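Here is a quick tour for someone meeting this structure for the first time. Have a look at the sequence and the model, then read on.

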Amino acid sequence: MASCSIEDVLAKAERDEAEKLKGITVNKELDLEFDPGNLLAFDKNRIDTREFKDNKREDFIRSLARDNTQLLINEMWKLPTERVEEIIVAKLPDPSTPLPREKPAPKPKPPTKWEQFAKLKGIQKKKKTNLVWDEVHKEWRRRWGYKRAKDDTKEWLIEVPENADPSEHQFAKRNKAKKERVAKNEYNRLKNIARAQKIKVPGMGLAPTPRQPKAELAQAVNVAKISTASVGKFQDNLPKEKTPKNTGKKRKFQPLIGDFSSEKQKQLDLLKVMDSKKPRLDITKAVNKQMREEDRESAQKSKKGFGKKGRRGNMSGKGKGKAGGKGKAPKGKGRKPHMKQGKR
Amino acid sequence: RKQKAKTRRSKRFLQSREPKLTEGQKSSMIIRGGNSSETVSQALKDVYALKKPNAVLYKRKNMVRPFDDSTALEFFSKKSDCSLFLFGSHNKKRPNNLIFGRMFDFHVLDMFELGIERFVSLRDVKTDTCPEGTKPLLVFAGELFETDREHQRLRNLLTDFFCGPRVSAVRLAGLEHVLHFTALEGKIYMRSYKVLLKKSGCRTPRIQLQDMGPSFDFVMRRNHMASDDLYKTAHRQPRGVKPKKKKNISHDAFGTRLGRLHMQKQDLDKLQTRKMKGLRKRRGEQTAETAAAAAKAPRTDE
């Protein structure tokens, strides 16, 4: 008797369960394939073509869709859920349908020079704060740059160290040190650029170029000539070469107190020149010189526009290198015959 | 020619277009062809509405023939950084034509030409739609999708096209949109329904569907499938994506985590155990022991 009732109870429980699940159970011949990661379901069952007639087609499709969606939803509800800000959310697994990529996989980039060095030395990247507390000014200042925290060139009081020369200007010393650091940085930066772009930079003198203009060749010759132990004093000239006259000091200054008579003479000459009506400046000469300069500059620009794309910064040792274009035909009024390269 | 970034904003823009380890959502471009009928234009607009915001719609006429010359499509794809495309056109030979396609590395991977036989637009179905950008449920029905190779590829393409962004978790109440594809006798029936979750006896709700959105009756026309090796290359995942397996760790039936250590062979003779000073043998005792042992031995003899 008791066993009967237990069986009954169990059977009843089963029926109740089935009742509950009646709403959501769907009978299919073959189980569907699910891909919850992509919210995908695939039904492999055969579709009865008889039911697919014109008038009943939409209903058939709808009921088929309803069944399939029910199964998919059942599958989704089996996934683990969690509560994110009062919303119940189901965690999706990875998608199982292999979908092709959009672009090919990125190649791992080779480590940069710094990265290699850091790895070698074991240097870790340290996160630095933007602002630093400046005790002197009692405020937060930036770590580097304009109005930075510890700027030793801006100090108003510098203690002279014990072993220093008393007449040495400490402020000037600091400024000079800063200028040297800046110049060194700039030099290193340009060297890096040259190394990166594989341009040869000479330590001193002129850079090798494929087509050297006349002025640069002349300059190269001059530099080579004075590169001897006695600074070119005993170098013989080539057959048609002329010794350049511009060696030595460019400006000579008379001593302050010396020859009184010559000084007197000089002053009187100066007054005479100021009195005379003839202008000191030969305007035509000046204008021609200016025009020639401009022509040369434009010729250099148009010629070097194609060649010198990669060069940046001062590459040449002396900034004189100009394209040796020959003087153009005279145009405009007041042009006197050509002048050779005069003193600069 | 490689484009150099001159500002930080442009640098970010270029970086977003670079290939990445795990890719985000694919954008699609919807292009109108040389001549397109009312049906095709409306169809394109509907698909654009489905795929917003990751879609661009090119409304102007583009005289392009994708099956003959795909360079124009590739150019568009490169400019707009879209890897999926839908091209609609209409002519006498192929009326109401839609070409679904996808790209790999800005070159055409797969293209499927489908003709629209019957089309019901979003506008004609007067029900409320679900919000833009919901990830739709995709259901494919029909054994053709399993048996026929072209259908298999088409299924993959449609999944790629209509599946939304890849998410790690989804709100259960937000599964509102379902796209249902049925394949029968060379025709594909695409329907779009709104999912209504009704109460049922247990936790899982009962589903009711409401007609929504565009519905298409497609007929399969030409196609261009990628060669097998190109398809394989497109699937190749970079090495960083797969998670590294931790070796020598196992879990037993109770859920405890067990590890394995591998040791070198030990010489048990030279094993260093604990030293107990009291037990150490002293020299005096040792001789006494030997003497005692020696004394004992002859006694037994006797």
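## Ground rules

Let's start with burial: a residue is buried under 20% relative accessible area, exposed over 50%, and partly exposed in between (1.4 Å probe, protein chains only). With 33% relative accessibility, Asp105(B) therefore counts as partly exposed.

This is a predicted model, where local features need pLDDT of at least 70, side-chain atom pairs count only at pLDDT 80 or more, and totals for chains, interfaces and linings use all residues. Residues are numbered from 1 along each chain as its sequence is written, chains are lettered from A and ligands numbered from 1 in the order in which they are written, and side-chain values use heavy atoms, with hydrogens and water left out.

## Chain A in outline

Chain A comes to 7 helices and 6 strands. Both are DSSP runs numbered from the N terminus: helices are H or I with at least four residues, strands are E with at least two.

Of the 344 residues in chain A, 19% count as buried. Take the contacts (heavy atoms within 4.5 Å) in this chain between residues at least 6 apart in sequence: 45% of them join residues at least 24 apart.

## Where the chains meet

How many residues does each chain bring to the contact? Chain A brings 52 and chain B brings 68. The area buried between the two chains is about 5,600 Å², and carbon and sulfur atoms give 63% of that. Buried area here is the accessible area (1.4 Å probe) that two parts lose on being put together, summed over both.

On the chain A side, Trp77(A), Arg101(A) and Glu102(A) supply 16% of the area that chain A buries against chain B, more than any other three residues.

## The nonpolar cores

A nonpolar core is a set of buried Ala, Val, Leu, Ile, Met, Phe, Trp, Tyr and Cys residues joined through side-chain atoms within 4.5 Å. The largest one has 34 residues, and those with the most contacts inside it are Phe100(B), Phe162(B), Phe181(B), Phe216(B) and Phe218(B). Helix α5 of chain B (residues 149–162) gives this core the most, with 5 residues. A second, separate core has 28 residues, including Ala41(A), Ile61(A), Val170(B) and Ile207(B).

Back to Phe162(B): leaving aside neighbours within four places in sequence, its contacts are Leu50(B), Phe100(B), Pro136(B), Leu138(B), Leu179(B), Phe181(B) and Met190(B).

## A cavity and a pocket

Both kinds of space are found on a 1 Å grid over the protein atoms alone: a cavity is a set of points where a 1.4 Å probe fits but cannot get out, while a pocket is an open set with protein on both sides within 12 Å along at least five of seven lines; lining residues have an atom within 4 Å of a point. Grid points are joined across faces, edges and corners, and a volume is the space filled by probe spheres set on the points.

The structure holds 1 cavity of 30 Å³ or more. Which residues line the largest cavity? They are Glu102(A), Lys103(A), Ser77(B), Asp81(B), Cys82(B), Ser83(B), Met103(B), Asp105(B) and Phe106(B).

The second largest pocket has about 1,000 Å³ of space. It is lined by 25 residues, of which Lys2(B), Gln3(B), Leu14(B), Arg17(B) and Glu18(B) are the closest to its centre. Helix α1(B) gives the most to this lining, with 5 residues.

## Loops worth a look in chain B

Asp105(B) sits in the loop between β4 (97–104) and β5 (107–120), and its phi is near 55°, a positive value in a residue other than glycine. Phe106(B) lies in the loop between β4 and β5 too, with a positive phi of about 60° although it is not a glycine.

Ser83(B) is in the loop between α3 and β3 (84–89). At 4% relative accessibility, Ser83(B) counts as buried. Not counting residues up to four places away in sequence, Ser83(B) touches Glu102(A), Lys26(B), Ser27(B), Gly101(B), Arg102(B) and Met103(B).

Finally, a cis peptide bond joins Lys52(B) and Pro53(B), with omega about -5°. Pro53(B) lies in the loop between α2 (38–51) and β2 (55–61).
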